[in-house]
Amino acid sequence: MTFSPERIKKPEEPTSVRERAMQTGRERRKRLGEKIETVRDSLDIVLGSDQFFKEGLEKSREALKAISAKIGRRMEIASESLREKAEKAKGHALTRLAGLRERAQSYGWFQIEKIRGRIDEISLAAKGSSLRRELRGLQEKREGAPSVTIVGIRKGRPAGEMDREYMAFRMDEMERVKGIADRVREILEQLRINRRRIKTIRNERRRGVEARKAVMALRATGIDKGDEKRV
Amino acid sequence: MNELQSLKQRIGDASFSPEAKNVINEILDSAEKRGSLLKEEKERIIGIIDLELEGGDIEMGFLKEVSAALEGFLGETERAVREYEKDIEDIIKKSEV
C-alpha cells in the first residue's frame with residue numbers, strides 16, 4: 001500500500017480554539033449586554049484558550065514521543081537481546097573450541113581456526129553495527145518529534161495540515177524500521193547459506209561416525225594379533 | 001582390498017578437513033607398508049576423527065543459536081512495521097471522513 005500525505009483532505013473551514021473561544025465570548029457579550037463585563041470575560045477566555053493551546057501542544061508532543069518510543073523501545077530491547085544472544089552463542093562456542101585446542105595442536109589439526117573464523121564472521125553480522133546505527137537513528141528521530149498529535153491538531157491547527165505532518169513523521173519512522181528488517185533478512189540470507197552448511201556438517205558427521213566405527217572395528221578385529229603392540 | 005585400503009576409502013568419503021585427511025592417510029600409508037596398524041596409530045586416527053566431529057558440532061550449535069536469535073529479532077521488526085502501517089491507515093481514514 002502506498003501512503004501519501006496529500007491524500008489527507010484539508011478542512012474547508014479550520015476552527016481554532018481561539019476562534020471558538022472568541023465566538024463564545026461574543027455570545028456572552030451579547031447575552032450580558034454590559035461592556036466592561038464583556039471585555040473582561042473575553043479577555044479571560046482568550047487568555048485561557050492560549051494557555052489551553054500551549055498545554056495541548058505540549059501534551060501532544062509528549063503523546064507522540066510516547067507512541068514512537070513504545071515501538072522504538074521494544075526494538076531496542078529486542079536488539080539488545082539479539083546482541084546478548086549472539087555474544088552468548090559465540091562465548092559458548094569459543095569455550096568449547098578452546099577445550100579442543102590443546103588436543104587439536106597435538107594432532108596438527110588446523111580446522112579449529114577456520115571454525116573460529118566462521119564464528120567471528122557470523123556473530124559480527126548478527127550483532128551488526130548497521131542494525132545499531134539504524135536504531136540510533138530511530139531514537140534521534142524521536143527526540144525531534146514534531147509537536148503534533150491528533151489531540152494537539154484538533155485544538156490548535158488545521159487538522160489536515162497537522163495530520164499530514166504527523167503522518168509524514170510516522171512514515172519516515174516506518175521506513176527506518178523497514179530498513180532494519182531488510183538488513184536482518186540479509187543476515188538471515190547469509191545464514192541460510194550456513195544452514196546449508198549445517199546440513200553439510202550433519203552429513204559429514206554421519207559419514208565421520210561411520211568412518212570412526214570402521215576404525216574401531218579394525219581395532220576389534222586386529223591385524224597382527226601375534227604382536228601385543230599391534231592390534 | 002584389505003581392511004586398511006577399505007578404511008582409507010571410508011576416510012576419503014567422510015569429507016573430513018584436508019588437514020585431517022592428510023594426517024590420517026599418512027598414518028594409513030605407513031601402516032600399509034608395514035602391513036599392520038599400531039595401537040597408537042589407531043588411537044591417533046580416532047582422536048582426529050573425534051576432533052572433526054566435535055568441531056562440526058560446535059559450529060552447528062552456534063549457527064542454530066544465532067539463527068534463532070536473528071529470526072526472533074526479525075519478528076519484532078516486522079511487527080513494528082505492521083503497527084506503523086496500521087497507524088498510518090488510521091490517520092488516513094480519520095482524515096478522509
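Student: Which helix of chain A is A:R74 found in?
Tutor: This is a predicted model, so local features need pLDDT of at least 70, side-chain atom pairs count only at pLDDT 80 or more, and totals for chains, interfaces and linings use all residues. Residues are numbered from 1 along each chain as its sequence is written, chains are lettered from A in the order in which they are written, and side-chain values use heavy atoms, with hydrogens and water left out. Helices here are DSSP runs of H or I with at least four residues, strands are runs of E with at least two, and both are numbered from the N terminus. By that count, residues 35-107 of chain A form the helix that holds A:R74, namely α2.

Student: Is A:R74 buried or exposed?
Tutor: The cut-offs are under 20% relative accessible area for buried and over 50% for exposed, with partly exposed in between (1.4 Å probe, protein chains only). A:R74 has a relative accessible area of 19%, so the label is buried.

Student: Which residue forms a salt bridge with A:R74?
Tutor: Take contact as heavy atoms within 4.5 Å. Leaving aside neighbours within four places in sequence, A:R74 is in contact with A:A69, B:E76, B:R79, B:A80 and B:E83. A salt bridge needs a side-chain nitrogen of Lys or Arg within 4 Å of a carboxyl oxygen of Asp or Glu. With the closest N and O atoms 2.7 Å apart, the partner is B:E76.

Student: How many salt bridges are there between chain B and chain A?
Tutor: The pair B:E76 and A:R74 is one salt bridge. For chain B and chain A, the count is eight.

Student: Which element gives the most to the side of chain B that touches chain A?
Tutor: Elements giving two or more residues to that side are α1 (3-13), α2 (18-34) and α3 (39-96) of chain B. With 48 residues, the top contributor is α3(B).

Student: What area do chain B and chain A bury between them?
Tutor: Here 67 residues of chain B are in contact with 81 residues of chain A. Buried area is the accessible area (1.4 Å probe) that two parts lose on being put together, summed over both. Carbon and sulfur atoms hold 69% of it, and the total is about 7,100 Å².
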